[in-house]
Amino acid sequence: GAADAKVLLTDARVQAILWSLVDKVPTLERILTIDKLRGEAPAGLVKPEVQADDTVFLQFTSGSTSLPKGVVVTHKTLAANLHAIMGPGLEMVPGEDVTVSWLPLYHDMGLIGMMLAPLVWGCSGVFIPTLTFVKHPSIWLETVSKYRGTTTFAPNFAYAIAVRRTNAKRREWDHPPGAP
């Protein structure tokens with residue numbers, strides 16, 4: 001593949017499905033489940049020194065207008081992006097603001113905007129499994145209300161689905177008629 005990945009990290013539920021990729025990615029040597037990462041680090045493990053211009057990850061374009069391409073994201077560009085989102089962009093207040101998201105973590109906004117940015121900035125985040133949202137879109141609105149979410153993102157269609165699949169009584173759950 002474009003990333004020349006040697007190991008694919010996943011969870012046990014998805015592992016069986018991903019075995020079909022082993023033959024399609026010549027560099028892939030094994031699939032490792034996250035449960036294998038628990039416990040103490042191996043003795044003598046030396047943490048690499050990380051520089052600002054080092055690659056933190058490859059982010060692949062969606063492929064909607066051409067074949068997907070791997071884009072190198074460095075520690076420096078990621079840090080600048082996280083700061084721009086949370087600081088000047090949204091003016092989030094560490095320790096006060098709360099993000100709520102169901103966006104998949106392989107999506108740019110899910111990973112960077114709704115997981116990494118709040119984590120680095122010091123804001124709380126509540127995550128709804130993507131499939132839970134797909135099955136029960138009203139859970140998104142309920143979670144925003146329950147945890148007093150101040151920021152959430154999604155494509156336009158998701159807002160329409162959430163409103164359409166949430167009855168009027170549930171939409172007023174936290175804000176009865178006449179309440180501010």
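Buried means under 20% relative accessible area, exposed over 50%, and partly exposed in between, with a 1.4 Å probe and protein chains only. Trp102 counts as buried because its relative accessibility is 5%. This is a predicted model: local features need pLDDT of at least 70, side-chain atom pairs count only at pLDDT 80 or more, and totals for chains, interfaces and linings use all residues. Residues are numbered from 1 along each chain as its sequence is written, and side-chain values use heavy atoms, leaving out hydrogens and water.

**Nonpolar cores**

- A nonpolar core is a set of buried Ala, Val, Leu, Ile, Met, Phe, Trp, Tyr and Cys residues joined through side-chain atoms within 4.5 Å.
- The largest one has 12 residues, including Val98, Trp102, Val126, Phe133 and Trp140.
- Strand S5 (98–101) and helix H6 (156–164) each give two or more residues to this core; helices (H or I, at least four residues) and strands (E, at least two) are DSSP runs, numbered from the N terminus.
- A second, separate core has 11 residues, among them Phe57 and Met86.

**Aromatic pairs**

- Rings of Phe, Tyr and Trp (its six-membered ring) pair if their centres lie within 6.5 Å; planes under 30 degrees apart count as stacked, over 60 as edge-to-face and the rest as tilted.
- The count comes to 4 aromatic pairs.
- Trp102 and Phe133 are stacked, because their ring centres are 3.9 Å apart and their planes at 10°.
- Phe133 is buried, at 3% relative accessible area.
- Trp102 and Trp140 are edge-to-face, because their centres are 5.9 Å apart and their planes at 80°.
- Trp102, Phe133, Trp140 and Tyr159 form one aromatic cluster.
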